[in-house]
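Please read these notes with the model open beside you.

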Amino acid sequence: MEWFFAALGAIIVIIVIWAIAQYNALVRLRNLLQEAWRQIDVELQRRHDLIPNLVETVKGYAKHERETLEAVTQARTVAAAPGSTPAEQAQQENVLTQALGRLFAVAEAYPDLKADQNFMQLQQELTNTEDRVAAARRFYNANVRALNTKIETFPVNVVAGMFSFTREEYFETEDPAARQAPDVQF
């Protein structure tokens, strides 16, 4: 009978150690996810900081394009506001991206503006920042996938439920133009 209680005690100890290891793994994933979101936030802030300079540069050349400039400024203000969920932030960034697209379309009508060194440098910085946002978004979404998979997988889902770990949102684009293949003509 003693061996039974010893075996039962060993099984309980193993289960407790396993549960602690799973809890710690979930905490690590959650912290990695939070770090990934902060990196997106840093890159989006960099983007938001570049936009006023870009708008001011365009203003000097395209004084009568006030509506487009105001749309970009308004979209930037909304996108830069704190406290958004990943889904809300993605939607706000989509609006900003569309407004910037209209701004660059306006710039096409002004050859002097397109040749302006400051404008070209800001446009290049914005392009580089967009690439960095995309990379940060991929990293964040990979961590969301890892955490969500771990939370949903049995038997870890029991530990996750006990300690209130929940699924996280992906940072996704909802811009239909971004989902379409480009039209290439030769």
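1. The second largest pocket is lined by Trp37, Asp41, Leu44, Gln45, His48, Ala79, Ala80, Ala81, Pro82, Gly83, Ser84 and Gln89. A pocket is an open set of points on a 1 Å grid over the protein atoms alone, with protein on both sides within 12 Å along at least five of seven lines, and lining residues have an atom within 4 Å of a point. The elements that give two or more residues to this lining are α1 and α2 (66–80), and α1 gives the most, with five residues. Helices such as these are DSSP runs (H or I, at least four residues), numbered from the N terminus.

2. This is a predicted model, in which local features need pLDDT of at least 70 and side-chain atom pairs count only at pLDDT 80 or more, while totals for chains, interfaces and linings use all residues. Residues are numbered from 1 along each chain as its sequence is written, and side-chain values use heavy atoms, with hydrogens and water left out.

3. How much space lies in the second largest pocket? The figure is about 170 Å³, where a volume is the space filled by probe spheres set on the grid points, joined across faces, edges and corners. By class, the lining has six nonpolar, five polar and one charged residues. Here Ala, Val, Leu, Ile, Met, Phe, Trp, Tyr, Cys and Pro count as nonpolar, Asp, Glu, Lys and Arg as charged, and the others, Gly among them, as polar.

4. The axes of α1 and α2 come within 10 Å and cross at roughly 170°. Axes are lines fitted to C-alpha atoms, for helices over the stretch in contact, and angles run from 0 to 180 degrees between N-to-C directions. The two helices are therefore roughly antiparallel (over 145 degrees; under 35 would be roughly parallel). Residues of α1 including His48, Ile51 and Val58 meet residues of α2, among them Leu69, Ala79 and Ala80; contact means heavy atoms within 4.5 Å.

5. Helix α1 (residues 2–61) also packs with helix α3 (residues 86–108), at an angle of about 25° and with axes 12 Å apart. α1 and α3 are therefore roughly parallel. Among the residues in contact are Trp37, Leu44 and His48 of α1 and Pro86, Gln89 and Leu96 of α3. By class, this contact has ten nonpolar, three polar and two charged residues.

6. The axes of α3 and helix α5 (residues 117–152) come within 13 Å and cross at roughly 155°, which makes α3 roughly antiparallel to α5. The contact is made by Pro86, Leu100, Phe104 and Ala107 of α3 and Phe119, Gln123, Leu126 and Tyr140 of α5. By class, that contact has seven nonpolar, one polar and no charged residues.

7. Two backbone details deserve a check. Most residues other than glycine have a negative phi, and most peptide bonds are trans. The peptide bond from Phe154 to Pro155 is cis, with omega near 10°, and Pro155 lies in the loop between α5 and α6 (156–162). Ser164 is not a glycine, yet has a positive phi of about 60°; Ser164 is in the loop between α6 and α7 (176–179).

Key. Parallel < 35°, antiparallel > 145°, perpendicular 65-115°, else oblique. 1 Å grid on protein atoms, 1.4 Å probe; cavity = no way out; pocket = protein on both sides within 12 Å on 5 of 7 lines; lining within 4 Å.
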